[in-house]
Amino acid sequence: MPRVVRKLRNWTARILDLPQDVVLDLPRVTMIGGIQLTVENHRGVLHFAPTSLRLAMEKGELEVTGHELVIRNIGTDDVLVEGEITGVLIKR
Amino acid sequence: MKPIGGGKAASDEQLADKLHAERMSLMKGNWLQYIRGIVTVKLIAGDADVFLRDAVAELELWDIGYAPGGKLVFRVTVPDFFRMRPALRRAGARIRIMDRSGLPFQMARLSRRKTFAAGMLGFIVSLYLLSTLVWDVQVEGTERIPADQILQAARAEGIYPYQWSFRLKDSSELASLLAQRIPGISWVGIDKQGTKVTITVVESAKPEQLPPNTPRDLIAKTDAVVSRIVAEGGKPKVIRNERVRKGDVLISGIVGEGDRTQAVVAKGEVLGIVWHEYRIVSPMTTRVKGYTGLEQERSYLLLGNRALQIGGYGQPEYDQFEVMPDTRRLTIGGWTLPFGIYKELEKEVQAEDHKLTEAEAKEAGLRQARAEVLRKSGMGAVIKAEKLLHEQTENGKVILNVLFEVEQSIAVERPIVNAVPSVPAPQAGTEGNDGR
């Protein structure tokens, strides 16, 4: 996303009081207990192993760590992960 | 992976795979995926990450996880399974199919089991066919016309058990056809509900059938003087003011003369004056029962055929009383329950001797006698006159002898036995019957 566009979007979000994820394509992570996790606005799977799932983001990446992780469902921009989730890590 | 023995390790891995597959198979996918067919695939060689990156962008994968052996396992629909090949090649992957489920595979399995499939189809077809049969025909609303006759007519129109429903005509058309077929019917309704046909019939109202009339005479019931004679059928044999004895022919059922003699039903009205003599004994004292106005109530609880007194204890006893029972049982719908309330109303009674004068006693006796005469003489009797023949007072009683002159119907029917026309002289014939 060009710099000008991002600045404009940022400004719009602030002025119109919109959630940042809607405007800026930021990841939105919803976790239910330690057993289910939904990530929206991801940009693809970088690595998947039983203990970690690394997802590409618009900027940087997001790593879900845990045990016996299973991708229950995956679409072009959302993932539903189940398993024993121990951590969510964001790298920029 | 346990590095024990090659064969053993392989079987362990297979078992673990199987367990894993079972755990995963609790929910394999939604119904859309079920219709398209679900394949559970295991990646046995190649770069899983590369494959996932490509496949997620192009295909629909779900339940992606790792088998205990460390191999990637996922599910994919059948159409996507065939579109997976380029992604596999790019990742240098090889796959093994673990499990197949969903509609296409079940259909394939069914087509292998031909007899089973045929049985299933046969069941559905036979269920459908049996439900299109008419199983039961019922007739409602018949009183005079036997139901069998209506069923027979219905059978002629094609309504009978084990008939195909689709061979029946339209029910309103059938109803009109059936109404034409059965005489004495004003309306027919045919109601088909599922496999049951109900024929509702409304019978046309017919005049009541009179008992069959055989030729007969009207004869006198008692000795009397004829006061009125009207013949509707037959030939009158007596005239007004004529004295008749019991058994005399009043209206003859034999009409015509000579060869044209014919026996008919004698009909008509014959009134006569009849005398009744009565001896009346009327007491001069009467006992009159009256309520004193005192009353008391007792209530009981009914349980089955036992009664438990629940109220009205310690009441005084009356010398004379009448008891009026009132039972109320609990009912639900049409069911009577074995519980209820039973109430006894006890009313005190006092008997009084009422003294009558001679005239009052006489009048009471006569009133009673008149009522009795009228009751005995049948419908339409009228007391024309009454004569007091004798009157006497004795031991507190009035004794009366009264003669009542009552105008009443004196005709009774008597069938003509030796039916004419063979009787040459009708007069002689009837007199012969009377001979007594």
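This is a predicted model: local features need pLDDT of at least 70, side-chain atom pairs count only at pLDDT 80 or more; totals for chains, interfaces and linings use all residues.
Local features are described only at pLDDT of at least 70 and side-chain atom pairs only at pLDDT 80 or more, while totals for chains, interfaces and linings use all residues. Residues are numbered from 1 along each chain as its sequence is written, with chains lettered from A in the order in which they are written.

**View 1. The largest nonpolar core draws on both chains, with Leu61(B) and Ile64(B) touching the most other members.** A nonpolar core here is a set of buried Ala, Val, Leu, Ile, Met, Phe, Trp, Tyr and Cys residues joined through C-beta atoms within 7 Å. A residue counts as buried if 20 or more other C-beta atoms lie within 10 Å of its own, as exposed if 12 or fewer do, and as partly exposed in between, with C-beta atoms placed from the backbone. This core has 39 residues, and its largest share, six residues, comes from strand 5 (residues 61-74) of chain A. Helices (H or I, at least four residues) and strands (E, at least two) are DSSP runs, numbered from the N terminus. Look for Ile64(B), which touches Phe48(A), Val70(A), Ile71(A) and Ile74(A) in chain A, and Leu72(B) and Phe74(B) in chain B, leaving aside residues up to four places away in sequence. Contact means that two C-beta atoms, placed from the backbone, lie within 7 Å. In soluble globular proteins, nonpolar side chains tend to be buried together.

**View 2. Chain A meets chain B through 11 residues of chain A and 12 of chain B.** Strand 3 (45-49) and strand 5 of chain A each supply at least two residues of the side that touches chain B. Strand 5 gives the most, with five residues. By class, this side of chain A has six nonpolar, four polar and one charged residues; Ala, Val, Leu, Ile, Met, Phe, Trp, Tyr, Cys and Pro count as nonpolar, Asp, Glu, Lys and Arg as charged, and the others, Gly among them, as polar. Strand 5 of chain A also pairs with strand 2 (residues 61-66) of chain B, in the antiparallel sense and over two bridges. Pairing requires at least two DSSP bridges between the strands. Within that pair, Ile71(A) stands opposite Ile64(B).

**View 3. Four strands of chain B form an open antiparallel sheet in the order 12-14-10-24.** Strand 12 (235-236) and strand 24 (411-415) stand at the edges with a single partner strand each, so one side of each is left without a neighbour in the sheet. Strand 12 pairs with strand 14 (residues 249-252) over two bridges, in the antiparallel sense. Here you can find Lys235(B), whose bridge partner in strand 14 is Ser252(B).

**View 4. Helix 10 (residues 358-377) of chain B has buried residues along one face.** Its 20 residues should span 28 Å at 1.5 Å a residue, and the end C-alpha atoms are 28 Å apart, which agrees; the expected span is 1.5 Å times one less than the number of residues. Ala361(B), Lys362(B), Gly365(B), Ala369(B) and Ser377(B) are buried. What covers them includes strand 17 (267-283) and strand 23 (397-409) of chain B. On the other side of the helix, Ala359(B), Arg367(B), Ala371(B) and Arg375(B) are exposed. Gly378(B) follows the helix, with a positive phi near 85°.

**View 5. Helix 7 (residues 114-132) of chain B lies largely in the open.** Of its 19 residues, the number buried is zero. Its end C-alpha atoms are 27 Å apart, in agreement with the 27 Å that its 19 residues should span.

**View 6. Gly340(B) sits in strand 21 (residues 335-355) of chain B.** With 17 C-beta neighbours inside 10 Å, Gly340(B) counts as partly exposed. Gly340(B) touches Leu302(B), Thr327(B), Arg328(B), Arg329(B) and Leu330(B), not counting residues up to four places away in sequence. The C-alpha atoms of Gly340(B) and Arg328(B) are separated by 5.4 Å, with the two residues 12 apart along the chain.

Methods
The arc is that of the directions from the helix axis to the C-beta atoms.
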